Amino acid sequence: MVKERGKVYLVGAGPGDPGLITVKGRELLRKADVVVYDQLANERLLEFSTGEKIYVGKQAGRHSMPQAEINRLLARKALDGKTVVRLKGGDPFVFGRGGEEVLYLRTKNVDFEIVPGITSAVAVPAYAGIPVTHRGKASSVTFVTGHEDPTKERSDLDWDALASSGGTLVFLMGVKNLKTICTRLVGAGMKRSCPAAVIENGTTSAQRVVSGTLSTLPARAQAGGVKPPAVLVVGDVVSLRSEMRWYEILPLFGRRILVTRTRAQAGRLSILLGERGAEVIEIPTISIEPPHSWAELDAELARIEEYDWLILTSANGVDSLLDRMEKLGVAPSRLRSIRICTIGPATAERLAGAGIRVDAMPEKYVAEEVVRLFESMDVTDRRILLPRAAATRDVLPRRLREMGADVTEVVAYRTVRPRGVRPSLMRLLSKRTLDCVTFTSSSTCSNFVALVGKDNQKLLKAVKLFSIGPITTNTAHELGLRIAATASDYTIDGLVECMVDYYSK
Ligand code: SAH
């Protein structure tokens, strides 16, 4: 059998913000058999890949894998027929040693492709509100390594040329030599008052900017304890930052927020938080599973026309119902004669997506409001079907029955605690770098508490907890948690708005 030829893709991961990887890079991560990565690539990008992941960067106390060894690893995996993604911070060809890897692969006849990335040299200044070129201020930009050993007899850099370029200078890897760099530039004729800024952990929630001039910056950076990775920008464009800064003034900038919804549902909340400058970490504390048996639901679906009302109190219930209908060949048109009530817009949207109209929706998205809605009509002897999660609160069916309705409850899904998430959750909490946790339902909250464990509640001391609505908040209180704020509109958008309000106070 002839072995398939593998290939190595050198992929730029972007500067930190996981949204700054290219579409092509993300697709390649999805199809890679092996991902070889190091420090700078945001580790969240690895979630796109189901392949083998090999870390070759620096680890506490240990050196990174030598370049020659990385080269051999890449070639070996590709010659084994694997699709290899070599994920590199920023752009692979900007101080990324991508060229060395390619030259080696050529000698081994290994196929390769380059997928450029957004380099930190441009993106990090941009997130600090500094355009690297600007009409009237800079018509060229130079990327420079600041890594050079300052005790070296003869510099490989032409300091006179750099100093007289008249354009913007961007130094990478220059934290350790910051003082030497600024001194050399002044020594080569640049003005001491030339604006300069150093940007640490750019494009992430840990971004920090220290600015000054060539003469003041080194002391300021030292006083501020600036650490790598950081980019040094020198030139008149730096002064534009006072008007152009945008990232650090987003309302949730700098907040590290945990999203506890299911993987499938986290997306929208995470995007909204990210758009407001937060760094989002997704660790689902619930997962949605089918009921132990479909028999009950199937039986009711078979005689669905006999019902007057169908009440759907969660998007999960809708998903489960629609899936089951499709499997059983129950056409959505069979719901035409029944009236449908949903608890909120997300539930209604799901149904609309399947071409099913909604007849009633309460103004506030809690069970009590559904009760109120039905109190305004006569439901005596009305047959109501209520597909729901196993083991849920029973106010709704109880109240409907008290009103004289004939209510049938069926289990449409189960909410369970996902396996294997506890280690990452505990690691996150014990690092004490988390600012907030979001709860979007009672079950995300109770499972969170169960996962963390009673004895570890002290880890939550400095963490602010936010809740989507009063029911969830109640659950939290019963479990002994303190909720910082509860959304007044019980939706995902409402939750985000409540967090923004909280932090803008
Ligand atoms: N290939 C990368 C650069 C690798 S060299 C790129 O194109 O971005 C590593 C240097 O990049 C760091 O020392 C630092 O100067 C810069 N850098 C990378 N990510 C950064 C970040 N998020 N914030 C500030 N500087 C960063």
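This is a predicted model: local features need pLDDT of at least 70, side-chain atom pairs count only at pLDDT 80 or more; totals for chains, interfaces and linings use all residues.
Figure 1. Beyond its neighbours within four places in sequence, R324 is in contact with W294, L297, D298 and L301.

**Figure 2. Domain assignment of the chain.** Domain 1 covers 7-118 and domain 2 covers 122-244. Domain 3 is assigned in two segments, 256-286 and 418-504, while domain 4 takes 289-416. Between domain 3 and domain 4, the C-alpha centres are 27 Å apart.

**Figure 3. The area buried between domain 3 and domain 4.** About 800 Å² is buried between these two domains, with carbon and sulfur atoms giving 60% of that area. On the side of domain 3, Q265, I471 and Y490 supply 57% of what this domain buries against domain 4, more than any other three residues.

**Figure 4. Contacts between domain 3 and domain 4.** Twelve residues of domain 3 are in contact with eleven residues of domain 4. The count of salt bridges between the two domains is zero. Helices α16 (442-452) and α17 (470-478) each supply at least two residues of the side of domain 3 that touches domain 4. By residue class, that side of domain 3 comprises five nonpolar, six polar and one charged.

Conventions. Residues are numbered from 1 along each chain as its sequence is written. Side-chain values use heavy atoms; hydrogens and water are left out. Domain bounds come from an automatic or database domain assignment. Contact means heavy atoms within 4.5 Å. Buried area is the accessible area (1.4 Å probe) that two parts lose on being put together, summed over both. A salt bridge is a side-chain nitrogen of Lys or Arg within 4 Å of a carboxyl oxygen of Asp or Glu. Helices (H or I, at least four residues) and strands (E, at least two) are DSSP runs, numbered from the N terminus. Ala, Val, Leu, Ile, Met, Phe, Trp, Tyr, Cys and Pro count as nonpolar, Asp, Glu, Lys and Arg as charged, and the others, Gly among them, as polar.
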